[in-house]
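Subject: Structure for your review

Dear colleague,

Please find below the structure that I am handing over to you. My notes on what was found in it follow directly after.

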2 protein chains.
Amino acid sequence: MAEITPAAPAARTRPRRSWWGWGAEDRALPDSECVALGALVPGAADTPLPVPDVRSVELPKPRISPPASLAHLMSDAPQDRASHTYGKAYRDVVRALRGELGAAPDQVVYPRGEQDVVDVLDWAAGADVVVVPYGAGSSVVGGVEYRGDRRGGVVSLDLAGLDRVLDIDTVGRAARIQAGVLGPDLEARLRPHGLTLRHFPQSFEFSTLGGWLATRAGGHYATLLTHIDDLTQSLRVVTPVGVNESLRVPGSGAGPSPDRLFLGSEGTLGVITEAWMRLQDRPRHKASASFVFGDFKAAAAAVRAIAQSGLNPANCRLLDPGEAALAGVAGGGRSVLVLGVESAHFPVDDRLAELATLARDHGGSPAGGTAGRPSAGGAGDDSAAGAWRSAFLRMPYLRDALARMSVISETFETACTWGRADALYEAVHWDLGAVVREVTGAEGMINCRFTHVYPDGPAPYFTVIAAARRGSELAMWDEIKAAAMEVLGAHGATVTHHHAVGRDHRPGYDRQRPEPFARALRAAKGALDPAGILNPGVLFDGERSRAGRTPPARRGQNE
Amino acid sequence: MAEITPAAPAARTRPRRSWWGWGAEDRALPDSECVALGALVPGAADTPLPVPDVRSVELPKPRISPPASLAHLMSDAPQDRASHTYGKAYRDVVRALRGELGAAPDQVVYPRGEQDVVDVLDWAAGADVVVVPYGAGSSVVGGVEYRGDRRGGVVSLDLAGLDRVLDIDTVGRAARIQAGVLGPDLEARLRPHGLTLRHFPQSFEFSTLGGWLATRAGGHYATLLTHIDDLTQSLRVVTPVGVNESLRVPGSGAGPSPDRLFLGSEGTLGVITEAWMRLQDRPRHKASASFVFGDFKAAAAAVRAIAQSGLNPANCRLLDPGEAALAGVAGGGRSVLVLGVESAHFPVDDRLAELATLARDHGGSPAGGTAGRPSAGGAGDDSAAGAWRSAFLRMPYLRDALARMSVISETFETACTWGRADALYEAVHWDLGAVVREVTGAEGMINCRFTHVYPDGPAPYFTVIAAARRGSELAMWDEIKAAAMEVLGAHGATVTHHHAVGRDHRPGYDRQRPEPFARALRAAKGALDPAGILNPGVLFDGERSRAGRTPPARRGQNE
């Protein structure tokens, strides 16, 4: 049953990461393309913000002298510190471009195994050093950026060295995987066994298993196994008071789930070092089809019928007219619904036909598709879906290019019940649209897609694009973002469906989180992290959380 | 969207509950049938233990004088106190038959609404009174039986009065439901809307929504939506420090899930008063088929293939040879696999055919079935499945009859990964079988069925039947049960898949629960229930849990 897979050679050919923007350094758009892109957005700047040389950006002097026992794991090289200062939100990119790196960690720590993590936490607790767990830094909510001023200093704990698949159980379809593995490396190691984790967030290339777990990430698929939570069989977490390893079973009713406390804990309760993850057979049969709708509400009704049908399509992505136009898959104010079905075992033509019936019943017109041909992991995809996918993967690079042209380009995502979905869509479109106009003075664009759909409601994902005044980009975006959180709250929608809370979502999260649960969670934090060193400011108010003391019911601000 | 459903008249025709045994008083087997049943078990007693008259059993004098403001909610009538002393485990029935009711609560409290629950907790916290939340008392793990000796006394908080469906969202298929509603009453109120919660535990008739939620109950269906956890949209919980209401959304990644802390909390962190539950359309298409296997391991392999196929059958119940013989569905050492598929929207013949292929591929022979005919909620069932179901619902009454004949008749259930399933089955069959022989001196019977199956492992459910020495039944069963917990632990199987922890599973649970999580949970308990009045002894050591103090890492015994 058990077999050890060595660290993959893939790691050696990994592209050099951008320290200031998304993904691979060499995939950033050149200046000329930035200008061409900016020209499409009325009011954008004429010239791109330059990308500073990381060797010349000003970093504060490190406050931490590495202890002898850990010095070999630490780096205070500018490239390391600069690239670990922020996540990859729009506001992170803008600040990096401006060379604003005052919040850089004093040291970046690269553990090579779990014992190193234990040792680092022991040292940090004693030395009053803040520890910010770091997967691959794709947070878009300020999740890896410490904003306080702890005197002991701050280390970023980069888990890239824990990237092995330790054990594969082909009978029970599960694998024991270290938390620092990147998506492509993980899939490369599972593929020879015919298995897949089948978790493909947009950040797939540049995010890690541990990050997915700590933030309750959502994958590419629309129904059933969407959140990483449900793919988790057991977790191994290093907390400051000991290692927490849950029992590896397919289901249990023994008290509240231990794993569910750590899933979504965003590095505040412990450092996830390993997990047994549930795997799936690689799909052999795929089919997809797209439908266009003249009316977004009719399309949403089709999606609701599909989500409540029990057919559970792998893909069920609805693009509103703006999103469809932006992705180049439809124009003329039409919405597009992309449906996909997959199976490792049986042909899927019948399922696609049943889904198509529901789409047509609600006024959808076929926009092409490919039914049921076996595919060895290929796309098996219709043209709208293909066009959508390539736009999807390129999006973060386009976002960076727009940021350089002083164009706000950012997203927020949520989930709500079906009964509230239309009103939420309208409110974001009109009310938040008005805020964008008011704040930026530009006629911005707010698009929407449904990324995941549940029988009880959709997960709408909104994109905001609007030219900003150079130098005021962050203030403008922060104002829009605050208004967006207000709109979500007013419509009973969650502050985040799969981007996590971090520091940026604290206002909405604090309103949404029931107060007794907040008390319980703070108490749990105090029990597991008595020195309060783990990622302060995320989920909880920053700085020392004292076990047994109950802070005031509602906090005014972030740290 | 919202509509109010009045309390159903069903409540008025509800059968009178047995105070000592399972279910309806008038469905208990008469003495003559007890004797006939006992005659089938070698070594059983000749005469049934008499059922004591509840008016003549000895109860301790109530230590609590109801406060004036709550007196109208309280009863110390013998019938009330006696029927709230225990759950419905084998050991509960034996003790009730013996008239051992020294642990009876001092008062039974019947709140009529949520404010009454708030008032009771306020009073109890001030008066140092233990509160044991009580749904319909079907616990089989000592979940509703306080075993300490708090001086302030003990009340059983019976939520039967909170039995309304408050709101139905037919668009998003969800309902806001009070916690005290019984299964049949709930379904009766959803049926006119074409909806169902579709959660049918064996205890369905005599258990409540709140009990299901507090214990992470498992329903009848084999795959996908098995545990009540996944049917839960949001919870409303009265804790001693305030009411906790989570946001009602289809999915969220905003921090650790608040609901998952209360699901499985078994009345130790608060009293669940309401929940928004996800509903489903009532199935219109059903089909089922049964297969016999000469070899249990081959049958288990078929089940594994089915569980990993993505076909997600509604029913996938595997009976081992003993279980199949006991239920009268097969003999000759053959195992039986009952498969069922359902859909509210599409015919299911194809799905059943695909499942049948997998069963046959693993050596199964068809034992009859009915494919795909539409059915208005009827059985749509093959004969083996039908025979199984009627035996299933009668089982607890047979258990009571056997208990009266001094025959141990009890179950335990678990879940493990597929790689461990065969060894666990063998160990229970042979090693625990040897313990049963040694302890009772009788050739007992241990049967197994898989009640739920997951892609990563099955949930085996074991039944133990063995004649005991009259007067020593409990000591004998407790010895067997302790050995069973050892076997489960040694094979990496959970101490409970859906029966919860209560007080009886504490030894196995304490070994299984990771220690850092135990600390976090105790801290959460201290924050939510600072006076330690809620169900002491369940999940945690009994008596005062002091916020902020960390008890020793491992406890020696239960209270």
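Over all chains, the count comes to 72 salt bridges, a salt bridge being a side-chain nitrogen of Lys or Arg within 4 Å of a carboxyl oxygen of Asp or Glu. This is a predicted model, in which local features need pLDDT of at least 70 and side-chain atom pairs count only at pLDDT 80 or more, while totals for chains, interfaces and linings use all residues. Residues are numbered from 1 along each chain as its sequence is written, chains are lettered from A and ligands numbered from 1 in the order in which they are written, and side-chain values use heavy atoms, with hydrogens and water left out.

Side chains of opposite charge can pair when their charged atoms come close. In chain A, Asp230(A) and Arg260(A) form such a bridge, at 3.1 Å from N to O. The pair links distant parts of the chain, 30 residues apart: Asp230(A) is in the loop between helix H6 (209-215) and strand S8 (232-239), and Arg260(A) is in helix H7 (258-262). Helices (H or I, at least four residues) and strands (E, at least two) are DSSP runs, numbered from the N terminus. Asp230(A) is partly exposed at 27% relative accessible area, whereas Arg260(A), at 15%, is buried; buried means under 20%, exposed over 50%, and partly exposed in between (1.4 Å probe, protein chains only).

In chain B, Glu33(B) and Arg394(B) form a salt bridge in which the closest N and O atoms are 3.8 Å apart. Here 361 residues separate the partners, with Glu33(B) in helix H1 and Arg394(B) in helix H11 (residues 383-404) of chain B. Glu33(B) is partly exposed at 38%, and Arg394(B) is partly exposed at 42%.

A network of salt bridges links Asp92(A), Arg95(A), Glu145(A), Arg147(A) and Asp504(A).

The interface between chains A and B

In this interface, 81 residues of chain B are in contact (heavy atoms within 4.5 Å) with 81 residues of chain A. The area buried between the two chains is about 6300 Å², of which carbon and sulfur atoms give 61%; buried area is the accessible area (1.4 Å probe) that two parts lose on being put together, summed over both. Pro250(B), Pro256(B) and Phe346(B) lose the most area in chain B, together 11% of what that side buries.

Four salt bridges are counted between the chains. One residue pair in a salt bridge is Asp456(A) with Arg278(B), whose closest N and O atoms are 2.6 Å apart. The side chains of Arg351(B) and Glu354(A) also meet in a salt bridge, at 3.1 Å from N to O. Arg351(B) lies in helix H10 of chain B and Glu354(A) in helix H10 (residues 349-361) of chain A, so this pair joins two chains. Arg351(B) counts as buried at 13% relative accessibility, and Glu354(A) is buried at 12%.

An annotated residue

In an unreviewed entry, UniProt lists Arg399(A) for "binding site"; UniProt positions are given in the numbering used here, feature names are shortened, and annotations may be inferred rather than shown by experiment. Arg399(A) lies in helix H11 (residues 383-404) of chain A and counts as buried, at 10% relative accessibility. Leaving aside neighbours within four places in sequence, its contacts include Trp22(A), Lys88(A) and Glu410(A).

With kind regards
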